[in-house]
Amino acid sequence: MQNRRNFIKNVSLISLGGILAGKSDLANAATLSVHAKKKIGLQTYSLGNELYEDLPGGLKRISQMGYSTLELAGYRDGKINNVEMREFRKMAEDAGLKIISSHLNPPVREYTSSNKGEIADFWKKAADDHAQIGVSYMIQPGLPSTRSTEEVSLVCDVFNEAGRIAKANGLIFGYHNHDMEFARVIPGGKEMVFGRRAFGRNMPEGTEVIYDGFLRQTDAKLVIFELDVYWCVMGQNDPVEYMRKYPDRIRLLHIKDRAVLGQSGMMNFENIFTQAYENGIQDYFVELEGLPSGTQFEGVKKCADYLLKAPFVK
Ligand code: MG
């Protein structure tokens, strides 16, 4: 039986429940807004020399645009574009940016069995330098000489060794493509040949796309791939198809267009992002090149705005 006292008590409980529900909605909303912050990375190469005119100020501008992670470029002799790596990290942290990756190439482009040691020494020093500033990935962005399937195999041996060195230092080694990785090579070949008519209608036995050779012959436990989606398209291939085929190998992306993201008709970023989320890819980096007008900072801001507005970017 509901007397007055119980009635008031129940109303109070209902009200209290309502208040609690309201509070918890607010708490949920706060959590949602934290989660709603998109995690967008930037490859610092996109800013060229503009970044170094005022590095601490430039990093703050990057952060204010909505970027939260960085991939460095310009590693040489333990420095990033002549800036001490620890100093760079401190400035990035002060700006609210986390450095998670770095692009670097060994000093030689032609790999031979006699310079493997020199290349390994480069990676040992680089791994030590990068481990000290807490970077997760060391990514090679430059294609070594690959004129034949034999050279592709040799390059994969060197990549596997770089991967072992990285892993021993708690890092992950990866490879970043341009377009020529989608050229084909043949056993005993003298050059890589680009295009779907490479080597004619009857391709010689053992003909392989260089990128496929890299995927096939590198150790999945030692080497990951950072797929540059624009250069994949320029290489006459579909980045989504590669992501579907190699979900465990392609772990990072370069989100790039001909210039500012989304302005050309070449890139289907909605399909690319949808597949990236399906594959569980955590990190990607915006890269800007070939800006026809304006400053690099303006272009990089436009790229961030595009991703912040895009409904398909989480
Ligand atoms: Mg790239």
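In what sense do strand 12 (residues 250-256) and strand 13 pair, and over how many bridges? They pair in the parallel sense, over 5 bridges. Strands here are DSSP runs of E of at least two residues, helices are runs of H or I of at least four, and both are numbered from the N terminus. Two strands count as paired if DSSP finds at least two bridges between them.

Before going on, some housekeeping. This is a predicted model, in which local features need pLDDT of at least 70 and side-chain atom pairs count only at pLDDT 80 or more, while totals for chains, interfaces and linings use all residues. Residues are numbered from 1 along each chain as its sequence is written, and side-chain values use heavy atoms, with hydrogens and water left out.

Back to strand 13. Leu 252 has Asp 283 in strand 13 as its bridge partner. Strand 1 (residues 40-43) also pairs with strand 13 in the parallel sense, over 2 bridges, and there Gly 41 is the bridge partner of Phe 285. Strand 12, helix 10 (residues 269-279) and strand 13 make a right-handed β-α-β unit. Right-handed means that, with the strands pointing away from the viewer, the path from the first strand over the helix to the second runs clockwise.

Is strand 13 buried or exposed? In strand 13 (residues 283-287), 5 of the 5 residues are buried, so the strand is largely enclosed by the rest of the structure. Buried means under 20% relative accessible area, exposed means over 50%, and partly exposed is in between, with a 1.4 Å probe and protein chains only. Asp 283, Phe 285 and Glu 287 are on one side of the strand, Tyr 284 and Val 286 on the other, and both faces are covered.

Glu 287 brings us to the metal. Which residues coordinate the magnesium ion? They are His 176 through NE2, Asp 228 through OD, His 254 through ND1 and Glu 287 through OE, at 2.0 to 2.2 Å. Donors are N, O and S atoms within 2.8 Å of the metal (3.2 Å for Na, K and Ca), and water is not among the atoms, so sites may look incomplete. Along the chain, the donors follow the spacing H-x51-D-x25-H-x32-E. His 176 in strand 8 (residues 172-176) and His 254 in strand 12 are 78 residues apart, so to speak a link between distant parts of the chain. His 176 is buried at 1% relative accessibility, and His 254 is buried at 0%.

Next, the rings. The structure holds 19 aromatic pairs. Rings of Phe, Tyr and Trp (its six-membered ring) pair if their centres lie within 6.5 Å; planes under 30 degrees apart are stacked, over 60 edge-to-face, and the rest tilted. Tyr 211 and Tyr 242 form an edge-to-face pair, 5.5 Å centre to centre with 80° between the planes. Tyr 211 is in helix 7 (residues 210-217) and Tyr 242 in helix 9 (residues 239-245), 31 residues apart. Tyr 242 also pairs with Tyr 246, this time stacked, at 6.0 Å and 20°. Both Tyr 242 and Tyr 246 are buried.

Finally, Ser 148. It lies in the loop between strand 7 (137-140) and helix 6 (149-168), and is buried at 7% relative accessible area.
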